[in-house]
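Let's take a friendly walk through the charged pairs and surface patches of this protein. Have the model open beside you as you read.

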Amino acid sequence: MPTTGFEPIPPTPAPRIRAVPAWVDDPRVNVVLFLATLFSTTYAGVDLVLQDGVQRGFAGHLRILSTGLPFSLSLLAILLTHELGHYFVGKIHGVRVTLPFFVPVPGLIGTMGAVILMRSPVMTRRALLDIGAAGPLAGMAVAVPLMAVGLHLSHLAPLREQGGIGIGESLLVHLLADLFAPRAGQGQMLIGHPLFIAAWFGFLVTAINLLPIGQLDGGHVAYAVLGRRQHRLALGLMVLLAILAFWFYGWFIWLLILTLMGPAHPPLLDPEPRLDPLRRAVALVTLAVLVLTFMPVPFRFYP
């Protein structure tokens, strides 16, 4: 029989389900963690606007907590939209994913973000890129309008001479500030509205997630486009973070986390050789989002 020149395509292996504790599939856990994170981020938001001389007692404490809601609801809207982007696109591609798990942490913003767990492996480059890009792009669709409104609602105040903490400015923040923020004159500074601060942290989280390292969202996208060459790109970015850490020591912490995670993305079960033009365009959009939101020095400390 004459040959056709084509090799038979082996059947794609069925996705295996990863064993996890029973509580992972219990939606009550997701609800409890979300409510705990709502409380912790609201409490953190209070510190952004709390003034002296507030009323005490039960009604006073409720009023105090309500001042933190604009920050907490805005931040959680960004994080939830981000994770639901991963969730629904994962479902479309037949990947078994959990509902988002929020992580409440007392401290600066009251949370360490949210995660979903993939119970079955991602099979193809197309699915990997779609799932990896969906979260950041969905989150930015919420963060950008919140940033614009927050800048518009921010106000000017006399420049403080004493030390404090300053926040960095990404290219996108700079562009939006030129369009929506009040113009600061000599001896004035911008006091950010809670919506602005929530969106600023949303930008920061998005930029970190889009670093093309390991199993971060950017690592998924980079591996979908570059395959095994993603490893070299990840190592180069980690060297850059090590250099930036001399100006912002928080990058040392992230370097430790990323080193433990591993810079290389794990291989796929069914990696098709090329992506279609639309998905390559999506990859370029995620790269543009990384460039626009990345802040080399997110925080500056002034004596």
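Which residues gather in a patch of positive charge on the surface? They are Arg229, Arg232, Arg274 and Arg280. Patches are made of residues with over 30% relative accessible area and no salt bridge, with like charges joined within 9 Å and nonpolar side chains (Val, Leu, Ile, Met, Phe, Trp, Tyr) within 5 Å.

Before going on, please note that this is a predicted model, in which local features need pLDDT of at least 70 and side-chain atom pairs count only at pLDDT 80 or more, while totals for chains, interfaces and linings use all residues. Residues are numbered from 1 along each chain as its sequence is written, and side-chain values use heavy atoms, leaving out hydrogens and water.

**Surface patches**

Arg229 sits in the loop between helix H7 (217–226) and helix H8 (230–244); helices (H or I, at least four residues) and strands (E, at least two) are DSSP runs, numbered from the N terminus. With a relative accessible area of 47%, Arg229 is partly exposed. Here buried means under 20% relative accessible area, exposed over 50%, and partly exposed in between (1.4 Å probe, protein chains only).

A nonpolar surface patch of about 990 Å² is built from Ile165, Val239, Ile243, Phe246, Trp247, Tyr249, Phe252 and Phe301. Of these, Phe252 belongs to helix H9 (residues 250–261) and is partly exposed at 42% relative accessible area.

**Salt bridges**

Side chains of opposite charge can pair when their charged atoms come close. The structure holds 6 salt bridges, each a side-chain nitrogen of Lys or Arg within 4 Å of a carboxyl oxygen of Asp or Glu. The table shows some of them.

| Pair | N to O distance |
|---|---|
| Asp25 and Arg96 | 3.8 Å |
| Arg28 and Asp26 | 2.9 Å |
| Arg279 and Asp130 | 2.8 Å |

The Arg279 and Asp130 salt bridge links distant parts of the chain: Arg279 is in helix H10 (residues 277–293) and Asp130 in helix H4, 149 residues apart. Salt bridges with shared partners also join Asp25, Arg96 and Arg119 into one network.

**Around Asp130**

Helix H4, which holds Asp130, covers residues 125–153. Is Asp130 buried or exposed? Asp130 counts as buried because its relative accessible area is 19%. Leaving aside residues up to four places away in sequence, Asp130 touches Val89, His93 and Arg279, where contact means heavy atoms within 4.5 Å.

Terms used. Accessible areas come from the Shrake-Rupley method with a 1.4 Å probe; for residues, only the protein chains shown count as cover. Lys and Arg count as positive and Asp and Glu as negative; His and the chain ends are not counted. The place of a charge is taken as NZ of Lys, CZ of Arg, CG of Asp or CD of Glu.
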